[in-house]
Amino acid sequence: MSTTSEPSVPVETCATPLPDRGDVIEWQREPGLPDSAIELGGTDPEHCKLTFDTLKTSSPNGPGDCTQAAWLSDNPGYNPDATPAPRLKKAQVTIGDCG
C-alpha cells in the first residue's frame, strides 16, 4: 500500500458523520507475492472517508497489481488469514489489473 500521508483530521471535525456498516475485507494480488487479505474497519475517520474511498487512492496500481474490497458481511465465512488468500466472492470495489 502507498505510504503517502495526508494531514490527520480528528474524527469530530468530519462535516458529515460516517456510517458504520461493518468491517471491510481488502484482498490484494501483487506480482511475486502470495495473494493476501486483511480485515479493516468500514470507515477511515482519520481522513473522513469510507474505507472503500481510501483504498481507491492508496492501493498499488502497477502492472499485475489488483485490489478488491468488500463488506465482510457479504462474504460469510471468508478467512483473511489464509495464505494465499482466496478472491472475494462479492466485491464492492476493484482496483488495478484484476483481469
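I started at I25, which stands opposite E39 in strand 2.

Ground rules before going on. This is a predicted model, in which local features need pLDDT of at least 70 and side-chain atom pairs count only at pLDDT 80 or more, while totals for chains, interfaces and linings use all residues. Numbering runs from 1 along each chain as its sequence is written, and side-chain values use heavy atoms, with hydrogens and water left out.

I looked up how strand 1 (residues 24–29) meets strand 2 (residues 36–40): they run antiparallel and five bridges join them. Two strands count as paired if DSSP finds at least two bridges between them. The two strands make a hairpin with six residues between them, and G32 in the turn has a positive phi of about 85°.

**E30.** Next I went to E30, in the loop between strand 1 and strand 2. What does E30 touch, leaving out residues up to four places away in sequence? I found P60 and D65, a contact being heavy atoms within 4.5 Å. I also noted 9.4 Å between the C-alpha atoms of E30 and N61, which are 31 residues apart along the chain. E30 is partly exposed because its relative accessible area is 25%; buried would be under 20% and exposed over 50%, with partly exposed in between (1.4 Å probe, protein chains only).

**Whole chain.** I listed the elements from the N terminus as β-β-β-β-α-β-β, which comes to one helix and six strands. Of the 99 residues, 31% are buried. Of the contacts between residues at least 6 apart in sequence, 62% join residues at least 24 apart.

**Confidence.** Mean pLDDT (the predictor's confidence in each residue, 0 to 100) is 83 for the chain, and 83% of the residues score at least 70. Among the elements, strand 1 has the highest mean (95) and strand 3 (residues 43–44) the lowest (78). I flagged residues 1–11, where pLDDT stays under 50 and the model has 15 contacts beyond four places in sequence.

Terms used. Helices (H or I, at least four residues) and strands (E, at least two) are DSSP runs, numbered from the N terminus.
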